[in-house]
Amino acid sequence: MDVSLLVWAVSLGVVTALLIVDVVVVGRRPHVPSTAECLRHLGFFVALAVLFGLGVLVTSGGQYAGEFFAGWLTEYSLSVDNLFVFMLIMGRFAVPRQYQQTALLVGIVLALVFRTVFILLGSAIVSTFSWVFYLFGAFLVWTAWKVAREGSDDEPEEFHPPLLLRLVQRWFPSTTQYHGVKLTVVENGRRLITPMLIVLIALGATDLLFAFDSIPALFGLTSEPYLIMMANLFALMGLRQLYFLLGDLLARLVYLSYGLAVLLGFIGVKLVLEALHENEVPFINGGEPVSWAPEIPIWLSLVAIVVILGTTAAVSLMKSARDARAALTSS
């Protein structure tokens with residue numbers, strides 16, 4: 001796929017402009033968005049992603065369009081899981097609801113920064129070392145096992161502060177009260193950090209951890225850095241509205257971990273098979289391609305992703321509805 005610098009510049013410029021507008025709106029008036037506002041913004045961002053995919057179809061063909069849609073759906077599903085962790089962080093630090101929108105926006109911007117860095121590094125590594133797909137595939141299969149194991153735990157999920165956050169809380173004096181969206185305040189002549197700064201650090205650390213999962217998964221679906229970047233951008237746009245729109249619905253996706261585990265496992269196996277199909281590692285089959293390793297076409301990957309995510313959502317909601325009816329009956 002031949003993407004000119006002009007197309008890169010225009011694409012990133014449009015997204016940056018949308019983010020700036022978002023920052024200005026939220027920064028001017030921190031508030032809890034209404035359902036109508038969330039639906040308008042979310043519909044706009046989804047429509048943009050679909051139009052972009054259709055544009056890729058017209059200009060570059062069905063193969064690349066399928067790769068974009070597969071990457072976008074995968075990244076969206078992982079971002080929804082990221083939102084669930086964001087909810088745990090907001091609850092853990094009791095963030096006032098009118099300030100959650102600002103915190104979410106900063107978290108999404110941090111996610112864009114981290115994932116851009118990982119995409120650039122990943123592209124450089126992949127173009128130089130073809131064997132890295134073995135590592136990506138093995139990492140995704142291990143991550144799938146870890147996610148499935150966490151999903152089998154019947155205990156309610158809790159937020160476990162990362163090391164960076166624990167060090168910040170230990171080393172820097174802080175106030176227990178929120179002061180709007182300010183990150184630091186002066187009390188009794190001392191500069192103190194506010195809970196909002198701690199929340200943003202927690203969101204940033206979470207974004208960094210999720211980037212380790214999402215970027216290898218996207219490289220398993222396409223090797224085009226432009227499509228990987230745009231799939232990331234479109235998946236992250238609208239997450240702030242989705243957070244407020246779904247609310248407790250996120251908690252009702254009880255099988256989300258299992259669905260993500262199957263999805264990551266599928267992409268991990270796909271990566272390993274592709275690495276075998278184009279093998280150059282000397283100690284595997286004498287450095288020759290493995291003839292029996294099949295190539296999974298992008299249309300099959302797209303179908304698998306839709307089926308996995310659709311089944312996960314449907315079964316989760318049915319389970320939640322059944323549990324709710326059982327609770328009413330028992331009471």
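1. Helix α3 is mostly covered, with 24 of its 31 residues buried. Buried here means under 20% relative accessible area, exposed means over 50%, and partly exposed lies in between (1.4 Å probe, protein chains only). From its first C-alpha to its last, α3 reaches 45 Å, close to the 45 Å expected at 1.5 Å a residue; the expected span is 1.5 Å times one less than the number of residues. A94, which follows α3, has a positive phi near 50°.

2. The basis of the values is as follows. The model is predicted, so local features need pLDDT of at least 70 and side-chain atom pairs count only at pLDDT 80 or more, while totals for chains, interfaces and linings use all residues. Residues are numbered from 1 along each chain as its sequence is written, and side-chain values use heavy atoms, with hydrogens and water left out.

3. The protein chain has 12 helices and 2 strands. Both kinds of element are DSSP runs numbered from the N terminus: helices are H or I with at least four residues, strands are E with at least two. From the N terminus on, the order is α-α-α-α-α-α-β-β-α-α-α-α-α-α. Of the 331 residues, 46% count as buried.

4. Helix α8 covers residues 225-236. Its 12 residues reach 17 Å from first C-alpha to last, close to the 16 Å expected at 1.5 Å a residue. Because 11 of the 12 residues are buried, α8 is largely enclosed by the rest of the structure. The buried residues are Y226, L227, I228, M229, M230, A231, N232, L233, F234, A235 and L236. After α8 comes G238, with a positive phi near 95°.

5. The count of aromatic pairs is 12. Rings of Phe, Tyr and Trp (its six-membered ring) pair if their centres lie within 6.5 Å; planes under 30 degrees apart count as stacked, over 60 as edge-to-face and the rest as tilted. F52 and F234 form a tilted pair, at 5.3 Å centre to centre and 45° between the planes. This pair links distant parts of the chain, since F52 is in helix α2 (residues 35-60) and F234 in helix α8, 182 residues apart. Both F52 and F234 are buried.

6. F68 and W72 form a stacked pair, at 6.4 Å centre to centre and 0° between the planes. Both residues lie in α3 (residues 62-92), 4 residues apart, about one turn of the helix. F68 and W72 are both buried. Ring pairs link W8, F52, F68, F69, W72, Y76, Y226 and F234 into a cluster.

7. T143 is in helix α5 (residues 132-151). With 1% relative accessibility, T143 counts as buried. Its side chain reaches the backbone oxygen of F139 at 2.8 Å.

8. On the surface, V113, V117, L121, I125, F129, W131 and L135 form a nonpolar patch, with about 620 Å² of accessible area together. Patches are made of residues with over 30% relative accessible area and no salt bridge; like charges are joined within 9 Å, and nonpolar side chains (Val, Leu, Ile, Met, Phe, Trp, Tyr) within 5 Å. A salt bridge is a side-chain nitrogen of Lys or Arg within 4 Å of a carboxyl oxygen of Asp or Glu. Accessible areas come from the Shrake-Rupley method with a 1.4 Å probe, and for residues only the protein chains shown count as cover. Helix α4 (residues 97-128) gives the largest share of the patch, 4 residues. F129 sits in the loop between α4 and α5. F129 is partly exposed, with a relative accessible area of 37%.

Terms used. A polar contact is a pair of N or O atoms within 3.5 Å; within protein, one must be able to donate a hydrogen and the other to accept it, and residues adjacent in sequence count only if both atoms are side-chain atoms.
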